Amino acid sequence: MTALRAVILGAAAGGGLPQWNCGCTNCAAARRGEIPAQSQSSVAISADGDGWAILNASPDIGRQLFATPALHPTGPRDVPIRSVVLTNGDIDHVAGLLTLREKQPFTLWATPDIVGVIAANPVFDALDRELVPRHSVRLGDAFEPAPGLEARLFAVPGKVPLYLEGPEAEVMTDLEGEQTVGVELRAGSRRALYIPGCARMTPALRGRLEGADLVFFDGTLWRDDEMIRLGLGRKTGARMGHMSMDGEAGSIAAFRDIRVGRKVFVHMNNTNPVLDPRSAERRAAEAAGWIVGQDGMEIVT
Ligand code: MLT
Ligand code: MN
Ligand code: ZN
């Protein structure tokens, strides 16, 4: 029977755990080896175990591929990576493309808007367009990012990349269009959803989530004002386009009455207490039926 195989290449949000300039409790504990380090946001997915799609290319992709034998070359220039699918233009999701520039064919899939962001930055021309075609795919249209895998992109509430935000007063954090998308993946009868960034739950998203076998979901923050309380920034999760885990409007509450097979948090910011396996918040997330994603975690459904 066809299965969906997923490997979390990186479970952390932008910056990773530890983040180079951060001395927060989690980052310090990760440096001391007391809690596991996590690299930046990416998942690999396959239907046949031979050909893989990479969902978001993180700045850590070099060591993520090194750590994942299923993605190693099988010959002088034969890699099992067929494509990279982008869910937005954020640096933690696109910078890894520059690491994949060594004359290696694969296909890049993203919405016209995100392909436009890549096209507008000449540094990405380091990826030879003959070898790495950029395929714009419209919301809802089916494509095949790896053999036997059917994918569709769908809009979720979010915003444009940080570096394209413009004046603070004009920043829209709840756009629903081609800027921030989720990926729906099907193999045979199995269905998975990958949503590493989402500003809030909507009726449409709820409907799409219902009945999925596997969901990877935005786990950026535990609480909306976490970074402010820790004195590490001025932004709330809402301002960054991320719904938090805890609270009435949080993801744990939102998923309570949605029927999904397995639900896995990814894209966790290094301040998120669930990254510490000893924390009360980790226990609470797990008690609510969540798996807290980890680098290298493999899930077959
Ligand atoms: C985010 O997920 O909000 C962005 O990746 C932030 C960033 O670009 O650092
Ligand atoms: Mn991010
Ligand atoms: Zn930190």
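Mentor: Let's take the pocket, then the ligand. This is a predicted model, where local features need pLDDT of at least 70, side-chain atom pairs count only at pLDDT 80 or more, and totals for chains, interfaces and linings use all residues. Residues are numbered from 1 along each chain as its sequence is written, ligands are numbered from 1 in the order in which they are written, and side-chain values use heavy atoms, leaving out hydrogens and water.

Trainee: How much space lies in the largest pocket?

Mentor: A pocket is an open set of points on a 1 Å grid over the protein atoms alone, where a 1.4 Å probe fits, with protein on both sides within 12 Å along at least five of seven lines; lining residues have an atom within 4 Å of a point. Here the space is about 790 Å³. The lining has 35 residues, and those closest to the centre are Gly14, Asp92, Leu162, Met240 and Asn269.

Trainee: Which side chains have an N or O atom facing an oxygen of ligand 1?

Mentor: Look for polar contacts, pairs of N or O atoms within 3.5 Å. An oxygen of ligand 1 lies 2.9 Å from such an atom in Asp92, 2.8 Å in His242 and 3.1 Å in His267.

How values were computed:
Points joined across faces, edges and corners; volume = space filled by probe spheres on them. Polar contact = N/O pair within 3.5 Å; in protein donor to acceptor, adjacent residues only side chain to side chain.
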